Amino acid sequence: MNRPNLQLSLQSVSLIVGFMVWVLISSLMPIINEEIHLTAGQMSLVTAIPVILGSVLRVPIGFYTNRFGARTIFMISFVILLFPVFYMSIAKSFTDLIISGLFLGVGGATFSIGVTSLPKYYPKEKHGLVNGIYAVGNAGTAISTFFAPMLAKSYGWENTVRFYLVLLLAFIVINFFIGDRKEKKVKVSMVAQIKSVYRNQTLWFLSFFYFITFGAFVAFTVYLPNFLASHFSLDPVDAGIRTAGFIVLATLLRPLGGWLADKFNPYVILMIIFLGTSISGVILSFSPTIGLYTFGTLSVAVFVGIGNGTVFKLVPLHFSKQAGIVNGIVSAMGGLGGFFPPIVLTTVFNLTGHYAIGFMALSEFALVSFVIVIYMYYQDRLSIEGRIIEGAAEGIMVTNKHGVIRNVNPAFTRITGFKEEEVRGKTPSVLKSGKHDETFYQDMWEIMREKGYWEGEIWNKRKNGEIYPGWLTISQLNNSKGQPQYYVGMMSDISQVKK
């Protein structure tokens, strides 16, 4: 494969272009509305529409990036975008804007290209940082939001849109010559990949997390320009500058989220992220002034920016063999997360006259995510502990307080010859060799009751009838009331030592 750092730079800049096109309508909406008069509901729909295709297409684009490579998929995406960009430049009605906006969504779908392609070039311990750097391409939304209104003031919004045709043509050529022709390809059918992951709860938890973090980023990106202009009576250029500030802050913090996830436990980071987002939603619910609203919005930018980078560290960590399809599904859910809030906020405002309930919904969704992350954190710990037990060299046997075997590890089978299904539900007496009298076992349990553990040499019998010497340690595990709940026995074969 060709020069990882060059591909990281090329794909990141290509993503900038894709996202510049994706938010073209929302960036210019306050100015377009001066010529094509729309209701508040129509404006919300027009700005949200590009999110639909930008979300749905992320699944196939992630899959086909694995099959054909980033170079080919970026070029095809940019060729397709030429048509809706041109159509938008001649739009005269609400319908024209809806049609062009829908297909501008291809620009948002390009996100799946890099998060699928770039991990192939770097070791796992750098995936979080690499995906975070690539996602700086989100800055394309800030560039359009900041510069498009300024250009429109000087050249008209129609000519401003046509400038993007030149930009797309340039990057089709750049990807053709610099894109990696030798990128590693993965040729597994989409159906096979979907079947291998769709039952995995981790996939849907990560999708929900990204629905909140990236969804909030997209929603604020497309909604803020018009919201600030209409609700706080700001000039369209001023509203664009403020929105660009939100985008830049969230985007620049995304690599930090990836780096933190590489260095620390990503679940702990996500707990902080969602708790902070929940508090930010509450602040936005009670923000009558532009100052307090700005603080709440920027705090959302901080938390969702770091959160976006953290979530995508977890994707290749859990799904290294299905990265293309899983990246597509997770990022698609994130995009859809940006479609609903603008419509919900407008609907809530029309019904109640304020936005508090809409912003409170963000707080509640983030709080639900916080609870799910806690669950995943402890599940992950149990999984690690389980793998440690599975990989232990000593035989491990777990019984309940009545001495009935609940679980054994592979080393137990190797030492005794008994498989788990053969001993589960029975007592450790299946291992009795007959070389110890009842006094031996009575003394063992007397010490256990006094000290909470017992260790010593013991003669056991294997499944094949062979008697062998072993070293056994039994530990008593108590419940919260201090009463015995489980007993864990660790055994090893000391036949060679005895010889």
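Strands here are DSSP runs of E with at least two residues, numbered from the N terminus. The model is predicted.

**View 1. The hairpin of β3 and β4 has five residues between its strands.** Within this hairpin, G465 adopts a positive phi near 95°. Strand β3 covers residues 453–461 and strand β4 covers residues 467–478. The two are antiparallel and share nine bridges. Two facing pairs can be picked out. W459 sits opposite P469 of β4. E455 sits opposite T473 of β4.

**View 2. Five strands form an open sheet with antiparallel pairing.** The strand order reads β2-β1-β5-β4-β3. β2 (405–408) and β3 are the edge strands. Each has a single partner strand, so one side of each lacks a neighbour in the sheet. On average, neighbouring strands are turned by 25° against each other, direction ignored.

**View 3. Helix α21 packs on the sheet.** This helix spans residues 438–451. Its contacts reach β3, β4 and β5 (484–493). The direction of α21 makes about 155° with that of β3.

**View 4. Helices α2 and α9 cross at roughly 35°.** Helix α2 runs over residues 24–32, and helix α9 over residues 139–155. Their axes come within 8 Å. The crossing is right-handed. From α2, the contact uses S27, L28 and I31. From α9, S144, T145, A148, P149 and A152 take part. By class, five residues of this contact are nonpolar and three are polar.

Conventions:
Residues numbered from 1 in each chain as written. Predicted model: local features only at pLDDT ≥ 70, side-chain atom pairs only at ≥ 80, totals over all residues. Heavy atoms only, no water. Pairing = 2+ DSSP bridges. Helix = DSSP H or I, 4+ residues; strand = E, 2+ residues; numbered from the N terminus. Axes fitted to C-alpha atoms, helices over the stretch in contact; angles between N-to-C directions. Left-handed = near helix turned anticlockwise from the far one by under 90°. Contact = heavy atoms within 4.5 Å. Nonpolar A, V, L, I, M, F, W, Y, C, P; charged D, E, K, R; others polar.
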